[in-house]
Amino acid sequence: MRIDAQSPGGDAGESGLLLLQAWLSPAFPVGGYSYSHGLEYAVEAGALPDRAALQNWIEGILLFGAGRTDALLIREIHRAVLAQEFDRCDEIAAFASAFRGTSELALEASAQGAAFLKALIAGWPEFAAREPLRQWQRPVYAVAFGAAAAVAGIDARQATVAYLHAFCSNLVSAALRLMPIGQSDGLACLAHLSKTLPSLAHALELTPFDDIGASALMVDVFSMRHETQYTRLFRS
């Protein structure tokens, strides 16, 4: 049986799912493995002694930190792209670039955004000419991802849940390299966090974009201290 790449089959939902799996795979070259979102200093400071503490830490980021803000950014940029409000897209991109508490968290977001856009265009060159992607050079990761999802016709909620799951996976992967926990602990932590994501996405669908904000203060504090940490495995 010969399968032609142009052969009909599947539907838009399946195509979107395959794109999300590709874009959020650890093999997709955004460099996520080199960032810990302040987690490295949290371990150094003794704030994360075990799996339960790690689980609470990441859940706090989802509910009160970058997880919440990134989800709102994805939803808003997705809406603006579908509405062809490209001036609004640029406003969201500029706002997101300024919406980081520390220099390392800003680097984490912008460097991954630039890498995502570069890899996206390399694999899917048709995206290079699409608004607003063609204008951007170094967008924040969540904004670049949300815009690409809209251009590809991927549902905003599905994209948000997948993005947050990948975010959690990256932090758990970092923790496995930093903490005295094993793969089973990491999987248990990720399984627990996965249960939070659908309800969080639903709650944020009801949240006006003007209510965007974060209150994960210790993440920002540990991120700032990480800048001068003596030995480091991660860039943030």
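Visitor: What makes up the secondary structure of the chain?

Guide: In this predicted model, the secondary structure consists of ten helices and zero strands. Read from the N terminus, the elements run α-α-α-α-α-α-α-α-α-α.

Visitor: Why is the chain called as compact as a globular protein of that length?

Guide: The globule rule gives 18 Å for 236 residues, and the radius of gyration of the chain is 18 Å, so the chain is as compact as a globular protein of that length. Its C-alpha atoms fill a box of roughly 55 × 45 × 35 Å along the principal axes.

Visitor: How do you know what span helix 3 should have?

Guide: Helix 3 covers residues 51-64, and at 1.5 Å a residue its 14 residues should span 20 Å. The end C-alpha atoms are 20 Å apart, which agrees with that expectation. The buried residues of helix 3 include A53, L54, W57 and I61. Among the elements that cover the buried residues of helix 3 are helix 2, helix 4 and helix 8.

Visitor: Why are the buried residues of helix 5 said to line one face?

Guide: The buried residues of helix 5 are C89, I92, A93 and A96. Seen down the helix axis, they fall within an arc of 100°, so they line one face of helix 5. In general, an α-helix has 3.6 residues a turn, so residues three or four places apart point the same way. The face of helix 5 turned away from the buried side carries the exposed residues D87, A94 and A98.

Visitor: Which helices do the buried residues of helix 5 pack against?

Guide: They pack against helix 4 (66-82) and helix 7 (141-151).

Visitor: Which residues have the most contacts inside the largest nonpolar core?

Guide: That core has 72 residues, and W23 and F116 have the most contacts inside it. Helix 7 supplies the largest share of this core, ten residues.

Visitor: What is W23 in contact with, leaving aside its neighbours within four places in sequence?

Guide: Contact requires heavy atoms within 4.5 Å. With those neighbours left aside, the residues in contact with W23 include F28, F116, L120, W124, Y141, F145 and I154.

Definitions and conventions: Residues numbered from 1 in each chain as written. Predicted model: local features only at pLDDT ≥ 70, side-chain atom pairs only at ≥ 80, totals over all residues. Heavy atoms only, no water. Buried < 20%, exposed > 50% of the residue type's maximum accessible area, 1.4 Å probe, protein only. Helix = DSSP H or I, 4+ residues; strand = E, 2+ residues; numbered from the N terminus. Arc of directions from axis to C-beta. Core = buried A, V, L, I, M, F, W, Y, C linked by side-chain atoms within 4.5 Å. Rg over C-alpha atoms; globule rule 2.2 N^0.38 Å. Expected span 1.5 Å × (residues − 1).
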